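Let us walk through it together, starting with the place where the two chains meet.

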Protein chains: 2
Amino acid sequence: MKKLINDPENVVTEALRGMELAHGDLIRVHFDPDYIVRADAPVQGKVAIVSGGGSGHEPMHGGFVGHGMLDAACPGAVFTSPTPDQVQAATEAVDGGAGILHIVKNYTGDIANFEMAAELAGDANVRAVVINDDVAVEDSLYTAGRRGVGGTVLAEKICGAAAERGDDLDAVVALCERVNANVRSMGMALTSCTVPHAGEPTFELGEDEMEIGIGIHGEPGRHRVQLEPADQIVERLLTPIVDDLPFSQGDRTLLFVNGMGGTPQIELYIVYRAAATMLADRGITVERSLVGDWITSLEMAGTSITLLKLDDEMIDLWDAPAHTPAWRQGR
Amino acid sequence: MKKLINDPENVVTEALRGMELAHGDLIRVHFDPDYIVRADAPVQGKVAIVSGGGSGHEPMHGGFVGHGMLDAACPGAVFTSPTPDQVQAATEAVDGGAGILHIVKNYTGDIANFEMAAELAGDANVRAVVINDDVAVEDSLYTAGRRGVGGTVLAEKICGAAAERGDDLDAVVALCERVNANVRSMGMALTSCTVPHAGEPTFELGEDEMEIGIGIHGEPGRHRVQLEPADQIVERLLTPIVDDLPFSQGDRTLLFVNGMGGTPQIELYIVYRAAATMLADRGITVERSLVGDWITSLEMAGTSITLLKLDDEMIDLWDAPAHTPAWRQGR
């Protein structure tokens, strides 16, 4: 295992120390329990948004804490749900009296621990929305139903903007549910990743194989097949996405091509080109784009495609300012 | 070779098509010869800044084209200098009558081709600044003198802001030289990368080895040694950087921890923590930070550290708005 780390036990703590040192103008980091809050938390009278999950998917979620996105993020150990006390403490720390939205990716451990935290944070008015946008598989290694993947990034940007402009809790919850209802994703991997604490690759793939429909922790996908040209890979990902909602001619969309961590940006743009071309052929309009490493699986090589059906309100909120360690826009 | 590509011959062209489709609001892409210009080019009365180099270092330079950074970027084939006709055409396309600065990384081919382009672009008033911030080695595989690496990113941000606010060509050139005089970098690799056209890794590293002082094309560094903990690796990179300028107690700096492409962000923050701590121990102040993949070597795993000695003007320009595919700040 070749990694830029010291003791594998301290990976998350040291990374959080680094974030704290690099971004002290935007965030504050609390240790034991670990959570990140925006520097001006709690913002009185604003709906607070809290998310979290296992570490190893950076910049999600800690990189999204700040003006216009999240009020707090709870990083678990690598690929491990945050504990209830982390989520409880973060929830209480950002409570500005207008209620709190938990944005939770659909993994069994995450859901259980966010639910427990909401109960423990007795005074706070907490609601939860579960993101489950991955069309690859029903029920997976850590999930009942569909997994929550790239749609989470979009939900956090859009709902963060809604909370920032002053929407109340009911409105932010309804918006988050609307984003989740209109977003679909699917991913693939060329290589495995290695969890520092494990020290060995999570799975093995042959030199000419790829895994289609993989999860962000390396969970098995739909099938393992021979490596193909990028255009065919994109068709394998995008066809199930488009057919699932379904997306139809005339729809306005946001196309998000995500890197899993170990794929060069030049390849992500090759994927983007293929996806945008295929959507154009179907008469589906791409009005907004996002290309890059936004929800990763450590150093896994691969990509995921996320497609969101947009409406005017979502576009306005997407374009609204945000200022976080990973997301700088406007202001 | 596992890559998300179609024909290796078309990697750059297809990636440029993807950029054009994803970022049509910010940039325009010209093909044959290939170059990227900001959507509103030429900007009359503004000094234009043109950079470029081999592809494979994304988001540099094409991701930096737009308001507040570059007017044009010339992407060569992967790890190959852009041709003189590319640079000439880009230079002519962005000429707004106030002169043009070529920011050139110190590689023999880049320098020769930018010089020839400046001669061919006969009507334009072109000046060049060569960036040579890599303290690892004197003279390398493709370089006489020191290589140009991470300092280039900082020069493009700071000088782009100066041109945007209306500085004249003499002032922008002097500023670029000042940035170059005050910036030092050094990198390391845990793994090689694979150039698509070559199909084989550029070099081999043992399972317990790393290369200290490597170049961004996999050029040999100072030494190949056994893998060490991150804190020791940082000391190997940062000590030569600090000693070279030298940086001294009381200096105000920008600390830039760069990912080579295949290193997870969580590891970059571990590197950042170690570097910031070491600088604090020496009484050197970090006033601005940049952490992420900004000048890469395809999917190479590794990091580089860049340290810039700041003055008030550089800080103002660093904080100024920019709006490019990869750099969104303000506006």
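Between them, chain A and chain B bury about 4800 Å², and 63% of that area lies on carbon and sulfur atoms. Buried area here is the accessible area, found with a 1.4 Å probe, that two parts lose on being put together, summed over both. The size of an interface is often given in this way, as the accessible area lost when the parts come together. Of the area that chain A buries against chain B, Lys2(A), Leu4(A) and Arg328(A) supply 20%, more than any other three residues.

Before going further, a word on what you are looking at: this is a predicted model, in which local features need pLDDT of at least 70 and side-chain atom pairs count only at pLDDT 80 or more, while totals for chains, interfaces and linings use all residues. Residues are numbered from 1 along each chain as its sequence is written, chains are lettered from A and ligands numbered from 1 in the order in which they are written, and side-chain values use heavy atoms, with hydrogens and water left out.

How many residues does each chain bring to the contact? Chain A gives 58 residues and chain B gives 58 residues, where contact means heavy atoms within 4.5 Å. Of the interface residues of chain A, 100% are also interface residues in chain B, so the copies meet through the same surface.

On the side of chain A that touches chain B, the elements giving two or more residues are α1 (11-22), α6, α7 (265-281), β11 (285-292), β12 (302-309) and β14 (328-329) of chain A. These names come from DSSP runs numbered from the N terminus: helices are H or I with at least four residues, and strands are E with at least two. The largest share of that side, ten residues, comes from α7(A).

There are also four salt bridges between chain A and chain B, a salt bridge being a side-chain nitrogen of Lys or Arg within 4 Å of a carboxyl oxygen of Asp or Glu. In one salt bridge, Glu14(B) pairs with Arg273(A), and their closest N and O atoms are 4.0 Å apart. Glu14(B) counts as buried at 9% relative accessibility, whereas Arg273(A), at 22%, counts as partly exposed. Here buried means under 20% relative accessible area, exposed means over 50%, and partly exposed is in between (1.4 Å probe, protein chains only).

Next, follow Lys3(A). Its side chain meets that of Glu267(B) in a salt bridge, at 3.6 Å from N to O. Lys3(A) also forms a salt bridge with Glu299(A), the closest N and O atoms being 2.8 Å apart. Glu299(A) lies in the loop between β11 and β12 of chain A and Lys3(A) in the segment before α1 of chain A, so this pair ties together parts that are 296 residues apart in sequence. Both Glu299(A) and Lys3(A) are buried.

Finally, visit Asp251(A), in the loop between α6 (230-244) and β10 (252-259) of chain A. Is Asp251(A) buried or exposed? Asp251(A) is buried, with a relative accessible area of 10%. A polar atom of the Asp251(A) side chain lies 2.7 Å from the backbone nitrogen of Ser248(A). Leaving aside neighbours within four places in sequence, Asp251(A) is in contact with Pro246(A), Gly283(A), Ile284(A), Thr285(A) and Lys309(A).

Definitions and conventions. Polar contact = N/O pair within 3.5 Å; in protein donor to acceptor, adjacent residues only side chain to side chain.
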